[in-house]
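Biologist: I am new to this structure and would like to learn how to read it. Could we go through it feature by feature?

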Amino acid sequence: MNSVAEIQGAVRAAKRVRVRGGGSKPALSLPNCQDDVQTLDLSTLKGVIDYQPDEYTFTARAGTRVADIAALLVEEGQYLPFDPPLAERGATLGGTVAAGLSGAGRYRYGGIRDFLIGIRFVDGRGQEIRGGGTVVKNAAGFDFPKLFVGSLGRLGILTELTFKVFPQPAAFATVAAEFEGLSDLLDALDAVTRSAIDLHAVDFAPAEEGWTLWVRIGGLPTVLQERAQALQSVLSAGVGRPGRLSLHREQEEESLWKTARSMRWLAEGLGLVRVPLTPQRVPAVEETLSGSNAAARRYSVGGNLLWLGWPDESAPERGEQDTPQDLHTLLLDLDLQGIQLIGRARRGKTQGNGAGEENPLLGRPLQNAFLRRIAVALDPERKFESW
Amino acid sequence: MNVHPLIDALSRIYDSDRLLTRPAQLMAYESDALTVFQQRPAAVVIPQDRAEVIETVQLCHEHSVPFVARGSGTSLSGGSLPIAEGIVIALNRLDRILRLDAEERIAVVEPGVINLKVSEAAKPYGLYYAPDPSSQSICTIGGNVAFNSGGAHCLKYGMTSNHVLGMTVALPDGEVVELGGESLEGVGPDLPGFFVGSEGLFGVALEITLRLLPIPQTYRTVLAAYDSLHAAGDAVTAVVASGLLPGAIEIMDALAIKAAEVGAKAGYPTAPALLIVELEGEESAVEAEFAQLMQLIEETAPVEVRMAQTADERARIWKGRKAAFSAVGRLAPDYIVQDGVVPRSRLGDALAEIDRLSASYGIEVANVFHAGDGNLHPLILFDGREEGALERAEELAGEILELCVELGGSITGEHGVGMEKRAFLPKMYGPLEMQAMEDVRRSVDSRSLANRGKMLPAGEAESLTHVGPHPLEKAGVIFRE
C-alpha cells in the first residue's frame, strides 16, 4: 500500500482485511490463511510529514519505522519517553499504536496512549477520518487517538499519526539490585516507587539465583551521581535488603535497556506474550507460572506489565502443558488478559470468526457492550476482524 | 415529551427531598459556571448510591427522557446545563473514596468526590492526584472525567485522561460495563481513554480508578516581568528549547496582572507581561535545573525577576494566577472566558491578532494562558446591562476560536465543547469526522438521551441570557481556570 487511496479502495473491495506493518509482531499480522481475508502491507506507507521540535510534536505515516523516528528525534535532543518496544526488530508507528505497546520508560511520563495526540484512519466504509489534533493539548470531540491504542486493526486502519515528544534527559543512570527472593524485591519495589525519587523505569526479572531489580533515573549529569546514591540508600533501607547493588552508567547502562526494548532476553523459538497486571498480583502469577516450564519473563513498568516468553503453537518440543491454549487457561484462572505478539497463536474462536483461526488474545475476554457499540459504528459491515 | 410518567416512576425510588420538582428547588440547577445559559429541568434527582443512578438511567431510557449527570456545576462550557423537560442526576452524594491503595498507587472513587479530596486523602502516603483545575477545591472527579479537565500542570503530566486507569460506567441505557482496570497497561482499545472527555454523551461514570503519583520533593517557582508579551513569549521558547521540562509555564498580560492585584493582592510587579515557571522534583535535580533556568531567564532581559523562596511565596504566586479570572470580574461587570489552543510557536501571532480584534470591537480582553502548551484563556470583558454587549462579546469570542483553528490549534484545551462551542466543532473537524462522532454516539446511545445537545451540534438551541457570574464565584469560592 503506497497511498491512503489504495487502502480505501482495498477496504471497499475486500470482504475482510487485516493489516501488517513491519512484521515485528507476527502473531498479530501473519496468521489466518483464510481465503476471504486480504492482508494489507502498510510498511511502504511511510515518511515523516512534519516535525516541529519547538512544539514537541511530529506527524508521520503509519508505516514509518519507530527506529527511524528515534534517530530523527535524537538529533534535536528529544525522544518518545515510553520506550516503544521492538524498534530494533522493525516495528512501525502504526503497529506499535495498534498493538498498544509501551516499554519500560512508560513508568515516568505515561505510555503510548499519553503521547499519541492525533490520528487519521480508514474506517470500515473506506472513509479516511481524522481524530484528535496536532497540538499537545486538545479536549475537542471524542478522543479517537486513545480508542485506537490497542485496537489491533479491528476498528480501522491507521494511516497517519501525530505524537507528542519530550526533551530527552541529558544522562541516565541505572541501579541494579539483587535479591534472594521475590518478596524482598517487592518490598524494595514498594519503597522505591513511593519515594520522591523521579524514576524513569523500574523492571525486574528472575536471575539464575534470586531476582534482579533495575531502577533507572535521568536528568542533568552533574547531579546524577548524588541522586543515584540517594536511590541506593532507599533500596538498602527496607526490610528486604538487596544482596548486591551496582551502578551502571553510559554505554553499558544504555545497553541494559536496549536489551529490554528489543526483547533480546527472549530465547530463540519462544513466543512473546504481554500481560498487564499490578505489583500486588505478581506473587500469584509467579506461583502459577512456576508449575510450568515457561522460564523467560521480565516484569516491567514497576510491576504493571509482564513480558512472557512462552512456547508457541508450532514449537516442536514444547511440554505437554505449555501451549498457548494452556496459557489462556492460566490467565483466565488469574483473571488477567494477555496478548501474544511473537510466535504462532492458539487456535480459538473469536466472535464472528471461524473456530480454526489463530487468536492472539489470551485470558479474560475483551468484549464488552461499549466496545461492541463503537465497533458497529466504525465498521458496520465487519470488514475488520472482530474480537 | 411527557415527563410525568417518569417522575412518577422516580418517586418510587426517591423521597421527596431527593426528587426535586418545584421551581424554587430547581433554580439552583438551572445553569453551571457558564451562566449565560440557563435552562430549567423537569426534575432533579439526588441518588445516594450507584444502584439508584443505574435505575434512574434505565428509567430515563425506558421513558425516552434525556438526562444530564452533574457534579458541582463548575463547567465553563455549559457542559452540565440541564435539558428542558429532562432530568438532572446530581451526583454530589456519591462522594466516597472507596479504596486508597498506596502500594498500587491508586484511588478508587465515586464520581461526586471533589478533586482536592483525593490528594488530601493520599497525602499521608506521600502521594497525590496530579490534575489540578483551578476549581479543584469544589469540582468533582466525575465532571473532570466527563470533560477531561486540565490545569496549570498539564505540560509535564497531562490532563485527567492521563490519570484515569479504569471505570465502571452506566451506558446511556443503563447497561453497566467495566472499562480498563487497575494496571497502568491494558489489552485492547483504550476504552477509559475514549470515555474520558466524552462530555457525558457515553453515560455516567459510577466508579473511577485514579493513578496517584508521589508528591514532588520540592518546587522552585520563578516569576519574571517583561516589557512586552512578545518578550515573555520568547522566554517561553528559550525555556522549551533548553530541554528543561517545567511542571508549569504561565503568562499573564497587563490587564490580568491588574485584576490579580485587585482580587488577590498577589504583590505582582506592574508590567506588560508576567511569566511564571515552576520546576518540581527531587531536591538536587531541581536545584541544578533551576540554576540553568535562571541563567536562561536572565538572558531574555526581564525587567524584574522574583524567586519564591518559601512555600508561602510559592502559594502567593499561584493564588494571584488562579484568582486572576474571577478577579477580572472586578474590572468589568461580566466576562466570557475562552479556552483555545494554538501551536506554542504561534502564541505571538495569536496574541497580536487578539489585540487587533479587541481594538476593532472596542472590547477589552485580558489574557492568561498556559504558555507551555499553547492554551490561551482570553477573558472578554463586557457589561451585560448594555444592549447587545453580550452578543458582541460572543461574536468576538467566536472570532478567537476561529483564529485558533486557522493557526492549527484547537477550540478547547481543557474546558470542553459543551453547550458553548458546539457550533465551532465543525470548524475544527470536517463532515466525515462529525458524522463519525455522531455515528458512534448513536450507536452507544440510540435515543441520544445522555447530555443531549452538548458537544455535537444538534437539538434545541438554548437561549443566551445575561445573569452575571455564578454566585459561588462572586463569593470567591470557585475560580475559573
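Predicted model: local features only at pLDDT ≥ 70, side-chain atom pairs only at ≥ 80, totals over all residues.

Biologist: How many residues of domain 1 of chain A are in contact with domain 2 of chain A?

Modeller: On the domain 1 side of chain A there are 11 residues, and they meet nine residues of domain 2 of chain A. By class, that side of domain 1 has five nonpolar, two polar and four charged residues.

Biologist: Which domains does chain B have?

Modeller: The assignment for chain B gives domain 1 (4–92), domain 2 (97–214) and domain 3 (218–406). The C-alpha centres of domain 1 and domain 3 of chain B are 37 Å apart.

Biologist: Next, a helix pair. At what angle do helix 1 of chain B and helix 3 of chain B cross?

Modeller: Angles over 145 degrees count as roughly antiparallel. The axes of helix 1 (residues 4–11) and helix 3 (residues 50–63) of chain B cross at roughly 155° and come within 10 Å. Helix 1 of chain B is therefore roughly antiparallel to helix 3 of chain B. Their crossing is right-handed.

Biologist: Which residues meet between helix 1 of chain B and helix 3 of chain B?

Modeller: Helix 1 of chain B brings Pro5(B), Leu6(B), Ala9(B) and Leu10(B), while helix 3 of chain B brings Thr56(B), Leu59(B), Cys60(B) and His63(B). This contact has six nonpolar, two polar and no charged residues.

Biologist: Now strands. How do strand 8 of chain B and strand 9 of chain B run?

Modeller: Strand 8 (residues 164–170) and strand 9 (residues 176–180) of chain B run antiparallel and are joined by five bridges. Val169(B) is placed opposite Val177(B) of strand 9 of chain B. The two strands form a hairpin with five residues between them, and Gly174(B) in the turn has a positive phi of about 95°.

Terms used
Residues numbered from 1 in each chain as written. Chains lettered and ligands numbered in written order. Contact = placed C-beta atoms within 7 Å. Nonpolar A, V, L, I, M, F, W, Y, C, P; charged D, E, K, R; others polar. Domains from an automatic or database assignment. Axes fitted to C-alpha atoms, helices over the stretch in contact; angles between N-to-C directions. Helix = DSSP H or I, 4+ residues; strand = E, 2+ residues; numbered from the N terminus. Parallel < 35°, antiparallel > 145°, perpendicular 65-115°, else oblique. Left-handed = near helix turned anticlockwise from the far one by under 90°. Pairing = 2+ DSSP bridges.
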